[in-house]
Amino acid sequence: MANKIILRKILDKTVKIGVIGLGYVGLPFAVTFAKNDIDIIGFEKNKEKVDAVNNAKNYICDVLDKDLIKVVKKKKKLIATTDFSKIKECDAIIICVPTPLDKYKKPDMSYIEKSCIDIGKNMKSGTFICLESTTYPTTTEYFIKPIIEREKGMKEGKDFWLCFSPERIDPGNKKYKTYNTPKVVGALGEEAKIIAVALYSLAIKHLHIVSSPRVAEMVKILENTYRLINISLINEIALLSGKMNINIWEVIEAAKTKPYGFQAFYPGPGIGGHCIPLDPFYLEHIAKNYNFDLSMIHTAGAINDLMPYRMMNKIAFALNRQKKAMNGSIILFLGIAYKPDIDDARESPALLVMEQVAKKGAKVLYHDPYIPEVIDNSGNKYISSDLTNKLIKLVDCVVFTTNHSCFNAKEINKKAKLIVDMRNVLKNIAIEDGKVFKL
């Protein structure tokens with residue numbers, strides 16, 4: 001009977017969805033469903049985010065300001081709160097909290113655990129629950145289910161339903177957003193699957209149903225492990241190519257002409273963002289429970305971890321060629337976001353390169369139009385400098401760490417004394433011998 005109640009609410013759009021976590025995943029999800037006339041309660045521990053949402057002040061680049069204003073101020077379909085007791089008002093709960101790694105690269109499950117405790121304490125009978133946060137396979141069955149059952153004394157499949165549907169957020173992607181990115185759904189049982197399909201179909205164009213949550217959990221890990229391994233591979237080949245005086249960018253462009261069996265990946269100072277540097281190590285963690293060694297993931301991770309140090313050496317080499325030492329030089333980094341044209345510096349390799357260069361005695365400056373200030377892993381705070389002609393001429397070396405489209409590479413090339421180009425920003429620009437050093 002309970003499943004018929006929630007299905008009826010989904011059908012007539014009176015279902016109320018709670019979204020736990022209003023970050024890069026949760027807020028776009030909440031706005032997408034609210035635009036489709038679904039009532040959303042956003043649950044967030046950070047009061048500043050709650051106040052921002054309730055005042056329609058946007059802080060996520062993938063959410064349009066006009067959309068947030070529309071669903072908060074005009075339609076009044078989205079409200080945010082720090083009061084988790086309001087979970088009892090919701091028919092469905094979507095968990096979109098961070099899943100970081102600790103310093104030993106082990107999964108930090110505390111955010112998911114706290115969310116499940118809050119759900120278990122406050123939810124009503126007949127609630128549908130889905131985790132979107134990236135995690136290791138079996139989390140839904142062996143981690144989430146026992147916590148919720150323990151807190152509420154209810155039984156999964158009878159009093160509530162569980163599902164896993166991995167987030168697929170690509171910050172800055174102009175084509176694929178929450179509503180039109182195909183969504184993988186893996187539910188625990190047939191009733192949960194029926195509810196999941198009905199619920200997500202309210203706002204998502206394409207669903208791909210898999211047989212279980214653990215399959216869906218593995219899908220997300222596979223997607224990002226594939227990218228980690230291939231990017232680490234091209235980074236290693238790029239380093240060798242540099243030693244052999246081979247232009248890796250020209251190699252990649254030539255290889256791309258093959259119409260089958262090859263997909264281009266591009267080198268850089270390392271891998272950043274909320275997924276690729278982290279997700280594969282969730283799989284490495286669970287593999288140990290099965291006495292299985294994921295040597296390829298471990299090796300790829302090691303290559304990626306070394307890239308910022310190798311980029312620091314690249315900068316030192318370039319300075320030495322101009323008879324300058326790293327110690328005392330002024331280094332200007334252009335772009336610290338982990339990818340072009342976004343305001344996200346999570347796990348950005350640029351921060352690690354800056355940190356290492358500063359440790360060698362250089363004065364570090366940066367310019368990023370999307371990120372006005374930042375703190376590196378050592379606690380050093382930096383404020384974005386204005387990118388003026390005077391500054392470019394003043395510094396000893398300009399380093400392209402992110403290829404933001406707003407950078408006027410041609411003008412920067414004219415005025416800079418020395419450039420280290422880690423992103424092939426100067427690919428179509430004539431360069432002087434001894435002035436530009438590429439990855």
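Biologist: What makes this a sheet of eight strands, and in which order do they lie?
Modeller: In this predicted model, the strands line up as β3-β2-β1-β4-β5-β6-β7-β8 in an open sheet with mixed pairing. Two strands count as paired if DSSP finds at least two bridges between them.

Biologist: Why are β3 and β8 called edge strands?
Modeller: Strand β3 (78-81) and strand β8 (207-210) each pair on one side only. From one strand to the next, the twist averages 25°.

Biologist: How do you know that β6 pairs with β7?
Modeller: Two bridges join β6 (residues 160-164) to β7 (residues 183-187), and at least two are needed, so the two strands pair. They run antiparallel. Within this pair, cysteine 163 stands opposite alanine 187 of β7.

Biologist: What makes you say that helix α6 packs on the sheet?
Modeller: Helix α6 (residues 139-152) touches β5 (127-131) and β6, where contact means heavy atoms within 4.5 Å. The direction of α6 makes about 150° with that of β6.

Biologist: Why is the space inside called a cavity, and what is the volume of the largest cavity?
Modeller: A 1.4 Å probe fits there but cannot get out, so the name cavity applies. The count comes to one cavity of 30 Å³ or more, and the largest has a volume of about 110 Å³.

Biologist: Which residues line the largest cavity?
Modeller: There are 13, and Glu132, Glu167, Arg168, Thr178 and Lys183 lie nearest its centre. By class, the lining has seven nonpolar, two polar and four charged residues.

Key:
Residues are numbered from 1 along each chain as its sequence is written. This is a predicted model: local features need pLDDT of at least 70, side-chain atom pairs count only at pLDDT 80 or more; totals for chains, interfaces and linings use all residues. Side-chain values use heavy atoms; hydrogens and water are left out. On a 1 Å grid over the protein atoms alone, a cavity is a set of points where a 1.4 Å probe fits but cannot get out, and a pocket is an open set with protein on both sides within 12 Å along at least five of seven lines; lining residues have an atom within 4 Å of a point. Grid points are joined across faces, edges and corners, and a volume is the space filled by probe spheres set on the points. Ala, Val, Leu, Ile, Met, Phe, Trp, Tyr, Cys and Pro count as nonpolar, Asp, Glu, Lys and Arg as charged, and the others, Gly among them, as polar. Helices (H or I, at least four residues) and strands (E, at least two) are DSSP runs, numbered from the N terminus. Axes are lines fitted to C-alpha atoms, for helices over the stretch in contact, and angles run from 0 to 180 degrees between N-to-C directions.
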